[in-house]
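Reader: Hi! I'm new to reading protein structures. Could you walk me through this one?
Author: Happy to, let's have a look together.

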Amino acid sequence: MEEQKVVAVILVGGPTEGTTFRPLSFNTSKPLFPIAGHPMVHHPISASKRIPNLVQIFLIGFFEEREFALYVSSISNELKVPVRYLKEDKPHGSAGGLYYFRDLIMEDEPSHIFLLNCDVCCSFPLPSMLDAHRRYGGMGTLLVIKVSAESANQFGELVADPNTKELLHYTEKPETFVSDLINCGVYVFTPEIFSAIEGVILNREDKAPLRRLSSYESLQLATRFCEIGPRYIVSFGRKEAIIYL
């Protein structure tokens with residue numbers, strides 16, 4: 001049986017973002033700012049290296065390519081895995097950036113696609129997420145964590161039905177408390193995610209060209225069920241999908 005290939009996509013944003021890092025980010029791009037002895041983006045990249053059968057890592061953002069050229073070459077040689085920077089023509093959002101470069105991402109015909117944000121720092125249980133996702137199926141698996149009610153509104157909050165575990169609601173940084181379960185910005189998808197994103201585009205009332213599009217906006221129309229595991233990993237796509245790490 002042929003081994004299934006996996007790619008990782010890391011969203012790095014652009015120069016109009018990362019205002020909380022100013023004035024430090026005036027001289028160094030936020031993704032390249034040193035955290036714990038390495039550029040910020042190094043941490044999700046090195047975590048992705050642990051994914052079985054990883055064939056390529058893509059960095060997507062709208063910084064100028066020259067800002068990443070030296071680092072991309074260095075990290076590719078260090079990890080012995082191709083790392084490629086893809087420059088957006090404008091900000092497209094999480095799912096929008098993924099969809100914009102879908103042909104390049106699918107060049108190696110991967111069976112699964114990881115999507116990470118470069119400013120997320122955690123233990124990155126990526127191999128465990130992939131194992132769980134393969135066991136239970138569905139379109140995607142999302143890493144979440146439980147936080148205090150006071151801090152939850154700083155993140156995307158999600159709600160699941162307590163009985164059916166159906167994904168009922170997701171909101172990005174709500175003004176009022178919705179849930180203490182927040183989106184960590186780490187996903188694994190099957191290639192069907194591209195059809196889901198396209199479906200959102202076609203269902204938009206104005207039928208406008210693809211603008212900034214969040215990953216959850218695409219998923220809410222394409223999937224309906226999530227199950228909350230004991231370590232706060234959410235899998236959506238099949239209602240019986242519970243993940244143990």
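Author: Let's start with Cys118, which counts as buried because its relative accessibility is 3%, under the 20% cut-off. Keep in mind that this is a predicted model.

Reader: Okay! What about Cys184, buried or exposed?
Author: Cys184 counts as buried, with a relative accessibility of 17%.

Reader: And how many disulfides are there in the whole structure?
Author: A search of the whole structure finds 0 disulfides. In case the word is new to you, a disulfide is a covalent bond between the sulfur atoms of two cysteines.

Reader: Which residues in H7 are buried?
Author: Those are Ile193, Phe194, Ala196, Ile197, Val200 and Ile201. Looking down the axis of H7, you find its buried residues within an arc of 160 degrees, so they line one face of the helix.

Reader: Then which exposed residues sit on the face turned away from the buried side of H7?
Author: That face carries Ser195, Leu202 and Asn203, which are exposed.

Reader: Nice. Can we switch to Ser76? Where is it found?
Author: Ser76 is in helix H2, which covers residues 66-79. Ser76 counts as buried, because its relative accessibility is 17%.

Reader: What does Ser76 touch, leaving out residues up to four places away in sequence?
Author: With those left out, Ser76 touches Val81, Pro82 and Val83. For Val83 there is a further detail: its backbone nitrogen lies 3.1 Å from a polar atom of the Ser76 side chain.

Reader: And what separates the C-alpha atoms of Ser76 and Ile57?
Author: The distance between those C-alpha atoms is 9.1 Å, while Ser76 and Ile57 are 19 residues apart along the chain.

Reader: Last one: Gln56. Which strand does it lie in?
Author: Gln56 lies in strand E4, residues 54-61. At 10% relative accessibility, Gln56 counts as buried.

Reader: So which side chain does the side chain of Gln56 make a polar contact with?
Author: That partner is the side chain of Asp108, at 3.3 Å. Not counting residues up to four places away in sequence, Gln56 touches Asp108 along with Val6, Val7, Ala8, Val81, Pro82 and Arg84.

Reader: Great, thanks for the tour!

Conventions
Residues are numbered from 1 along each chain as its sequence is written. This is a predicted model: local features need pLDDT of at least 70, side-chain atom pairs count only at pLDDT 80 or more; totals for chains, interfaces and linings use all residues. Side-chain values use heavy atoms; hydrogens and water are left out. Buried means under 20% relative accessible area, exposed over 50%, partly exposed in between (1.4 Å probe, protein chains only). Helices (H or I, at least four residues) and strands (E, at least two) are DSSP runs, numbered from the N terminus. The arc is that of the directions from the helix axis to the C-beta atoms. Contact means heavy atoms within 4.5 Å. A polar contact is a pair of N or O atoms within 3.5 Å; within protein, one must be able to donate a hydrogen and the other to accept it, and residues adjacent in sequence count only if both atoms are side-chain atoms. A disulfide is a pair of cysteine sulfur atoms within 2.5 Å.
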